[in-house]
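Here's a quick briefing for anyone meeting this structure for the first time. Have a look at it first, then read on.

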Amino acid sequence: MSRPQMLKLPEVLTEIGMSRAAFYRMRARGQAPKLIKLPNGQVRCRRRDLDAWWAKHEIAA
């Protein structure tokens, strides 16, 4: 079983095209992808959580 791919916050911000401040405002409203806080204070996002967030926000054509 392989470990899930973990993205650093700057990688997430680049992918979604958002500033850190805007991301944290969205997170405060409960609308951001799920993050994991590491013991050293850094945060990561699982690739599957970011993909699920993208899928949830797709506009049906």
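A salt bridge here is a side-chain nitrogen of Lys or Arg within 4 Å of a carboxyl oxygen of Asp or Glu. By that rule, Glu 15 forms a salt bridge with Arg 47, the closest N and O atoms being 2.7 Å apart. The pair ties together distant parts of the chain, with Glu 15 in helix H1 (residues 9–16) and Arg 47 in helix H3 (residues 47–56), 32 residues apart. Keep in mind that this is a predicted model: local features need pLDDT of at least 70, side-chain atom pairs count only at pLDDT 80 or more, and totals for chains, interfaces and linings use all residues. Residues are numbered from 1 along each chain as its sequence is written, and side-chain values use heavy atoms, with hydrogens and water left out.

**Overall layout**

- The chain's secondary structure comes to three helices and three strands; helices (H or I, at least four residues) and strands (E, at least two) are DSSP runs, numbered from the N terminus.
- Follow the sequence along and you get the pattern β-α-α-β-β-α.
- The C-alpha trace spans about 40 × 30 × 20 Å along its principal axes.
- Of the 61 residues in the chain, 28% are buried, where buried means under 20% relative accessible area, exposed over 50%, and partly exposed in between (1.4 Å probe, protein chains only).
- Among contacts (heavy atoms within 4.5 Å) with a separation of 6 or more, 43% are between residues 24 or more positions apart.

**Salt bridges**

- Side chains of opposite charge can pair when their charged atoms come close.
- The structure holds three salt bridges.
- Arg 47 also meets Asp 51 in a salt bridge, at 2.9 Å from N to O.
- Because Arg 47 and Asp 51 are four residues apart in helix H3, about one helical turn separates them.
- Glu 15, Arg 47 and Asp 51 are linked in a network of salt bridges.
- Glu 15 counts as partly exposed, at 32% relative accessibility, and Asp 51 counts as partly exposed at 36%.
- Asp 49 and Arg 46 pair up through their side chains too, at 3.6 Å from N to O; Asp 49 counts as buried because its relative accessibility is 17%.

- Arg 44 lies in strand S3 (residues 43–46).
- Leaving aside neighbours within four places in sequence, Arg 44 is in contact with several residues, including Met 6, Leu 7, Lys 34 and Leu 38.

**How H1 and H2 pack**

- H1 and helix H2 (residues 20–28) pack at an angle of about 90 degrees, their axes 10 Å apart.
- The contact is made by Leu 9, Pro 10, Val 12, Leu 13 and Ile 16 of H1 and by Arg 20, Phe 23, Tyr 24 and Met 26 of H2.
- Axes are lines fitted to C-alpha atoms, for helices over the stretch in contact, and angles run from 0 to 180 degrees between N-to-C directions.

**Lys 56**

- Lys 56 lies in helix H3 and counts as exposed, at 63% relative accessibility.
- Lys 56 and Ser 19 sit 37 residues apart in sequence and 20 Å apart in space, C-alpha to C-alpha.
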